[in-house]
Amino acid sequence: MSRYDDVYPLFQEYDMYAQSIDLLKEPNVFKATTPYGSYVCKRANVSAKRLVFVSDMLRQLQQRGWDGAVPFTYTKFDDPFIVLGDAVYYVTPWQPGSEEWTEQPLAWATPAIERLAELHHLTQNYRFDDPRQVEPLIDSLLNRWQYWQGQMEKAAEVAGGRQYPSPFDLVFLANKAFVTEMSQTATDLLTDWKERHETHAHFRLSLIHGYPHPAHIVPDRSGKGKLLNFDRASFDTPVRDLTLFYRTYFQLAGDEAGASQLYHRYAAIFPLRPEEIELLAAFLSYPERIMRDIDVYYHNRKDWSELYAVKRLEKDMDRLMRLHRWVQQAF
């Protein structure tokens, strides 16, 4: 009995049969070889409603001539996915060529930022200019940031109260003042932004990817790249995609000069409005990854060794300082 017995029958819904199936990524992403070519099949942790919405949007964009995303493969009944028990599966064409970027860890950044800008530009829709769409995001972020600030203060008490502080304790305490200052600055910026825009009625919302990451863009024949994995896509402020993009870019050792060049590439396609630039600066000012490191370490949420934990924190502090310098210069 094959471990992929639940995947093989799915291709009958596409009038195809899988000759072989290989695991691409544990535990839910598979590559299937068929007489008609190779495909990726994903068991997705996403609602059917969201997949219908995203697939419809991407199909419309494809019909308008945009080729910046890997398209869904539709079943013989013209459905973009298959529901099997409690699981949702969807299929996309296999895209070779990702090995081109293996030796260049930042090669993904330019194609990704340009495709995101195109996506945001093509899907901006003034029917969704509703400030109530943005305010819940701001409120949830402020609540989360304030919670993490309180948790960090408790962690500092634990670290400072130990007779023999751990290496993580020492690095954390040495950088606590800087992290606290960044956290407070971001909170003040976002609070001020919220107060100034409470009655604003023109927030742009676009289809955002939701998880811009090197694993979610692949080279195409033109060299521009195609976005994939829209499992977290939604209509939201484009600033959310940019925030996630830049956090990942700096985490992968991107520098300030490169960040500015990428911003100019984005703005050439989809210029941000002043209020969106302010919101981006506030989002990027918050030391979210550091807060997560502190939360995981002091609550034992993951099985980190002391060596791994302290090296992770040191690396994340270095990346945070680079990002901070760029935000100060750029905005």
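# A chat about one predicted chain

Mentor: Let's start with one residue. Leaving aside its neighbours within four places in sequence, Ala 32 is in contact with Phe 11, Ala 18, Ser 20, Ile 21, Gly 37, Ser 38 and Tyr 39. Keep in mind that this is a predicted model.

Trainee: Okay. Where is Ala 32 found?

Mentor: Ala 32 is in strand β2.

Trainee: Is Ala 32 buried or exposed?

Mentor: Ala 32 has a relative accessible area of 1%. Buried means under 20%, so Ala 32 counts as buried.

Trainee: And how far is Ala 32 from Ser 20, C-alpha to C-alpha?

Mentor: Their C-alpha atoms are separated by 5.8 Å. Along the chain, Ala 32 and Ser 20 are twelve residues apart.

Trainee: What about Thr 34? Which strand is Thr 34 in?

Mentor: Thr 34 sits in strand β2. Thr 34 is buried too, with a relative accessible area of 5%.

Trainee: Which residues does Thr 34 touch?

Mentor: Not counting residues up to four places away in sequence, Thr 34 touches Phe 11, Met 16, Tyr 17, Ala 18, Gln 19 and Tyr 39. Take Ala 18 from that list. Thr 34 and Ala 18 are 16 residues apart along the chain, yet 4.8 Å separates their C-alpha atoms.

Trainee: Let's zoom out. How many helices and strands are there?

Mentor: The chain has nine helices and nine strands. The radius of gyration is 22 Å, close to the 20 Å that the globule rule gives for 331 residues, so the chain is as compact as a globular protein of that length.

Trainee: What does the C-alpha trace span along its principal axes?

Mentor: About 65 × 50 × 40 Å.

Trainee: What share of the residues count as buried?

Mentor: Of the 331 residues, 50% count as buried. As for surface, the chain exposes about 16,700 Å². Carbon and sulfur atoms supply 50% of that area.

Trainee: And charges? How many positive and negative side chains are there?

Mentor: Count 38 positive and 45 negative side chains. The centres of the two sets lie 1 Å apart.

Trainee: Back to the fold. What share of the contacts join residues 24 or more positions apart?

Mentor: Look at contacts with a separation of 6 or more. Residues 24 or more positions apart account for 71% of them.

Trainee: Which domains is the chain divided into?

Mentor: Domain 1 covers 7–93, and domain 2 covers 105–330. The C-alpha centres of domain 1 and domain 2 lie 30 Å apart.

Trainee: How many residues are in contact between domain 1 and domain 2?

Mentor: 16 residues of domain 1 are in contact with 18 residues of domain 2.

Trainee: Now the backbone. Where is the cis peptide bond?

Mentor: That bond joins Glu 26 and Pro 27, with omega about -10 degrees. Pro 27 lies in the loop between β1 (20–25) and β2 (29–34).

Trainee: What is phi at Asp 78?

Mentor: Phi of Asp 78 is positive, about 65 degrees, although Asp 78 is not a glycine. Find Asp 78 in the loop between α1 (48–63) and β4 (82–84).

Trainee: New topic: helices. Which helix holds Glu 276?

Mentor: Helix α7, residues 274–285. The relative accessible area of Glu 276 is 5%. The cut-off for buried is under 20%, so this glutamate counts as buried.

Trainee: What is Glu 276 in contact with?

Mentor: Setting aside neighbours within four places in sequence, Glu 276 is in contact with Arg 204, Val 239 and Pro 271. Also check Phe 203. Glu 276 and Phe 203 are 73 residues apart in sequence and 8.4 Å apart in space, C-alpha to C-alpha.

Trainee: Last one: where is Leu 313?

Mentor: Leu 313 lies in helix α9, residues 306–330. Leu 313 is buried, with a relative accessible area of 2%.

Trainee: And which residues is Leu 313 in contact with?

Mentor: Beyond neighbours within four places in sequence, Leu 313 is in contact with Phe 168, Val 171, Phe 172, Ile 290 and Asp 293. Lys 154 is 159 residues from Leu 313 in sequence, and their C-alpha atoms are 18 Å apart in space.

Definitions and conventions: Residues numbered from 1 in each chain as written. Predicted model: local features only at pLDDT ≥ 70, side-chain atom pairs only at ≥ 80, totals over all residues. Heavy atoms only, no water. Helix = DSSP H or I, 4+ residues; strand = E, 2+ residues; numbered from the N terminus. Rg over C-alpha atoms; globule rule 2.2 N^0.38 Å. Buried < 20%, exposed > 50% of the residue type's maximum accessible area, 1.4 Å probe, protein only. Contact = heavy atoms within 4.5 Å. Areas by Shrake-Rupley, 256 points an atom, 1.4 Å probe, with all protein chains shown as cover. Lys, Arg positive; Asp, Glu negative; His and termini not counted. Charge placed at Lys NZ, Arg CZ, Asp CG, Glu CD. Domains from an automatic or database assignment.
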